[in-house]
Amino acid sequence: MSIDLERDGAVEFKGNPATLLGPKIKVGDAAPDFHVVDNGLQPVTLATDAGKIRLITVVPSLDTPVCDAMTRKFNQDTEALPDAVVVYTISVDLPFAQKRWCGNAGIDKVKTLSDYQERSFGLNYGVLLKDLKLLARAVFVIDADDQVAYVELVPEVTAEPDYNAALNAVKNLL
């Protein structure tokens, strides 16, 4: 897969067409690997939670109202899920800011991860906003065999995703 792939107008940001870098990921695809860091600057890759279902929510920045609300909602809605499910929120926010935000927001189920170093998640999952170098809003569900089971690329980056569809996709894998 070419990370140079440009997808003009794939999403909108505040009503304006935006270009995404990377491939369009589809249900049934093998989940691409990625290299991000956790709040302690430790590396996290696709293999880190191998054998688990991964609900990956992608946001531009936790310090914005929609990203804040989305991460809080997924934290609340996934509390009862079994340990076979891990929930990530990935942004390009610095890990220190993510840690501070999680502490202030009482986030304990969602693991925040930062793509600030390489933008490898953004590029490999086709959600890197070319001009802003932020990640577009999206949700991916990766099954225990590293296959993509659900994808939602939110058409307007400033809008919220379909929470119920994402949670149902996870529950259908349990």
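Strand β2 (residues 16-21) pairs with β8 in the antiparallel sense, over two bridges, in what is a predicted model. Within this pairing, Leu21 stands opposite Leu128 of β8. The two strands belong to an open, antiparallel sheet of three strands, ordered β1-β2-β8. Its edges are formed by β1 (6-13) and β8 (128-129), each of which pairs on one side only.

Helix α2 covers residues 95-105, and its buried residues are Pro95, Ala97, Gln98, Trp101, Cys102 and Ala105. Viewed down the axis of α2, these fall within an arc of 155°, so they line one face of the helix. The face turned away from the buried side carries the exposed residues Phe96, Lys99, Gly103 and Asn104. The elements that cover the buried residues of α2 include those in the table.

| Element | Residues |
|---|---|
| β3 | 35-37 |
| α1 | 65-77 |
| β6 | 85-91 |
| β7 | 110-114 |

Just after α2, Gly106 has a positive phi of about 70°.

The structure holds six aromatic pairs. One of them joins Phe121 and Phe140 edge-to-face, with 6.0 Å centre to centre and 75° between the planes. Phe121 lies in helix α3 (residues 120-124) and Phe140 in strand β9 (residues 138-142), so this pair ties together parts that are 19 residues apart in sequence. Both Phe121 and Phe140 are buried. Ring pairs also link Phe121 and Phe140 with Phe34 and Tyr125 into a cluster.

Another ring, that of Tyr163, has the charged end of Lys73 over it, 5.5 Å from the ring centre.

How values were computed. Residues numbered from 1 in each chain as written. Predicted model: local features only at pLDDT ≥ 70, side-chain atom pairs only at ≥ 80, totals over all residues. Heavy atoms only, no water. Pairing = 2+ DSSP bridges. Helix = DSSP H or I, 4+ residues; strand = E, 2+ residues; numbered from the N terminus. Buried < 20%, exposed > 50% of the residue type's maximum accessible area, 1.4 Å probe, protein only. Arc of directions from axis to C-beta. Contact = heavy atoms within 4.5 Å. Phe/Tyr/Trp six-rings, centres within 6.5 Å; stacked < 30°, edge-to-face > 60°. Lys NZ or Arg CZ within 6 Å of the ring centre and 35° of its normal.
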